[in-house]
Amino acid sequence: MTPRESYDQFVIRLRQHADLAAALRLMEWDQETFMPAGILESRARQIGALAALVHERQTDPRFLALVDDLAARAAELDPEQQVDVRETAWRLGRERRLDTALVRARSELHAQARGVWIEARRVDDFAVLAPFLQRIVDMERRVAGTIDPSRPAYDVLLEEYEPGMSAAAIAPLFEGLRAGLRPLVDRLRARLERAPLSSGALCGDFALDAQRHFNRIVAEQLGFDFTRGRLDEAVHPFSTTIGEDVRLTTRYDPHDLRYGLYATIHETGHGLYEQGLDRHAWGTPRGHACSFGIHESQSRLWENQVGRSAGCWRHLLPLARQFFPQLANTSLDAVLLAVNDARPSLIRTEADEVTYNLHIILRFELEQGLVDGRVAVGDLPSVWRERMQQDLGLVPQTDRDGVLQDVHWASGAIGYFPTYTLGNIYAAQLMSAAEAALADLDEQLASGDFGALLHWLREHIHRCGQRERAPELIRRATGSLPTPGPLLTHLDRKLAVLERA
Ligand code: ZN
């Protein structure tokens with residue numbers, strides 16, 4: 001076969017895998033949204049069967065041989081084709097080194113540890129989880145060593161989520177961020193000691209039907225295409241992509257408008273990215289999201305940079321009043337305080353923008369320590385308490401509010417946490433580049449016109465797929481490699497608003 005013919009065969013196969021994976025995701029989405037509770041067992045079986053089929057197809061020796069052949073002849077392909085072959089070969093190169101027995105043992109351990117984590121939280125005792133966490137750390141080290149024994153184990157694990165990043169590249173970024181956050185947290189504490197922030201403007205009684213309608217309109221105005229997607233409800237909001245069909249979920253609190261709205265805007269950000277991928281390249285790496293960090297940058301940009309800004313609320317407040325007449329006399333300033341409320345907290349998922357990244361930096365350092373042996377599993381609760389005291393001036397009284405709060409490590413996701421803060425760093429950098437490129441962006445947001453910003457993101461991020469890895473993608477879009485400066489500037493401005501209130 002000529003390289004062109006081989007490449008065409010390769011794309012046909014990639015698209016078959018993508019279609020099967022889409023069917024799998026549809027079943028998973030249904031399980032989290034509309035599936036009747038009584039059929040869980042049969043659904044689990046169906047999902048298992050389809051997942052096995054997808055895996056079988058992806059690791060079929062004929063397909064692997066096709067990819068190897070193309071990779072060997074990459075110089076004869078055009079640059080676009082090279083991207084697809086390079087990224088596919090890279091990902092397969094990781095997967096094929098793990099034999100079936102190891103993959104099965106790993107996923108059984110993760111499933112078991114997840115159950116133990118639930119129990120450990122219930123009895124509020126880290127000692128219950130500790131032996132399983134030790135087994136997970138050992139397992140992940142083994143997996144990393146099998147994939148690439150020549151590189152630090154933590155980097156190999158991290159690249160599953162953020163290809164092209166390493167602990168050595170992240171550490172200075174996070175160090176710079178942490179050094180810049182410390183004085184901000186001190187200022188926040190001083191502000192809160194002076195007087196409590198009055199942040200109740202969006203609390204009260206908000207009918208669920210009105211919230212559903214309002215949230216849908218917000219997602220639509222931000223640019224989400226409802227002819228190619230849906231917005232539903234789930235216990236833990238998430239989004240997923242079924243081919244061209246993007247499913248968002250959110251969750252409402254009848255007494256707090258912020259809860260549903262920010263979950264919706266966050267997931268809409270993920271959804272806009274998926275809807276903005278290059279449709280002509282579907283099923284191939286060029287038509288696929290770049291990394292977890294870049295994905296999170298899209299959700300955080302819309303949620304935090306746009307959705308908590310004065311410009312955006314100049315538009316959203318009159319809209320919200322149409323659905324919730326009780327907001328008739330609520331001022332813009334009061335709403336801005338409500339949506340930018342900040343206070344140090346023990347729980348990551350409840351943290352505000354100012355303190356959130358300190359929670360992540362702590363986890364990034366601890367998980368690296370676990371993998372390279374500098375931190376013993378048994379010492380986690382005490383190290384956790386020490387660092388929380390240092391960073392936020394708070395000490396968890398229980399493991400549940402400390403080291404047991406997140407499921408990530410117990411489900412084997414070591415190397416995942418940094419993508420949250422990378423997302424925040426990328427988001428601030430992208431927003432500041434977009435502001436420079438689009439002269440009157442704030443005025444556009446205030447008039448409910450999100451199109452120019454979305455177009456800018458489409459051009460600089462969405463349509464690029466996996467042509468470049470995250471650091472290079474950010475450099476191209478913003479003119480500099482990832483840097484914490486714009487995020488610190490953004491947080492400094494927020495804090496100034498709180499200080500004036
Ligand atoms: Zn997200």
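Author: Start with what counts as a helix: a DSSP run of H or I with at least four residues, numbered from the N terminus. On that basis S166 sits in the loop between α7 (153-158) and α8 (167-194). Keep in mind that this is a predicted model.

Reader: Why is S166 called buried?

Author: Buried means under 20% relative accessible area. S166 has 19%, so S166 counts as buried.

Reader: Which residues is S166 in contact with, leaving aside its neighbours within four places in sequence?

Author: With those neighbours left aside, S166 is in contact with D155 and L158. Contact here means heavy atoms within 4.5 Å.

Reader: What makes G369 buried?

Author: The value for G369 is 0% relative accessibility, which is under the 20% cut-off, so G369 counts as buried. G369 lies in helix α14 (residues 353-372). Apart from neighbours within four places in sequence, G369 is in contact with R374 and V375. The C-alpha atoms of G369 and Y154 are separated by 9.2 Å, and these two residues are 215 residues apart along the chain.

Reader: How do you know which residues coordinate the zinc ion?

Author: Donors are N, O and S atoms within 2.8 Å of the metal. The zinc ion has H266 (NE2), H270 (NE2) and E296 (OE) at 2.1 to 2.3 Å, so these atoms meet the cut-off. In sequence the donor residues are spaced H-x3-H-x25-E. H266 belongs to helix α10 (residues 257-276) and E296 to helix α11 (residues 292-306), so the pair ties together parts that are 30 residues apart in sequence.

Reader: Are H266 and E296 buried or exposed?

Author: H266 is buried, at a relative accessible area of 12%. E296 is buried as well, at 9% relative accessibility.

Reader: Why is α9 called roughly antiparallel to α12?

Author: Two packed helices are described by the angle and the distance between their axes. The axes of helix α9 (residues 208-222) and helix α12 (residues 310-323) come within 10 Å and cross at roughly 150 degrees. Angles over 145 degrees count as roughly antiparallel, so the label applies to α9 and α12. The crossing is right-handed.

Reader: What makes up the contact of α9 with α12?

Author: From α9 come A210, H213, F214, I217, V218 and Q221, and from α12 come H315, L316, L319, A320 and F323. These residues divide into eight nonpolar, three polar and no charged.

Notes
Residues are numbered from 1 along each chain as its sequence is written. This is a predicted model: local features need pLDDT of at least 70, side-chain atom pairs count only at pLDDT 80 or more; totals for chains, interfaces and linings use all residues. Side-chain values use heavy atoms; hydrogens and water are left out. Donors are N, O and S atoms within 2.8 Å of the metal (3.2 Å for Na, K and Ca); water is not among the atoms, so sites may look incomplete. Helices (H or I, at least four residues) and strands (E, at least two) are DSSP runs, numbered from the N terminus. Buried means under 20% relative accessible area, exposed over 50%, partly exposed in between (1.4 Å probe, protein chains only). Axes are lines fitted to C-alpha atoms, for helices over the stretch in contact, and angles run from 0 to 180 degrees between N-to-C directions. Angles under 35 degrees count as roughly parallel, over 145 as roughly antiparallel, 65 to 115 as roughly perpendicular and the rest as oblique. A crossing is left-handed if the near helix is turned anticlockwise from the far one by less than a right angle, and right-handed if clockwise. Ala, Val, Leu, Ile, Met, Phe, Trp, Tyr, Cys and Pro count as nonpolar, Asp, Glu, Lys and Arg as charged, and the others, Gly among them, as polar.
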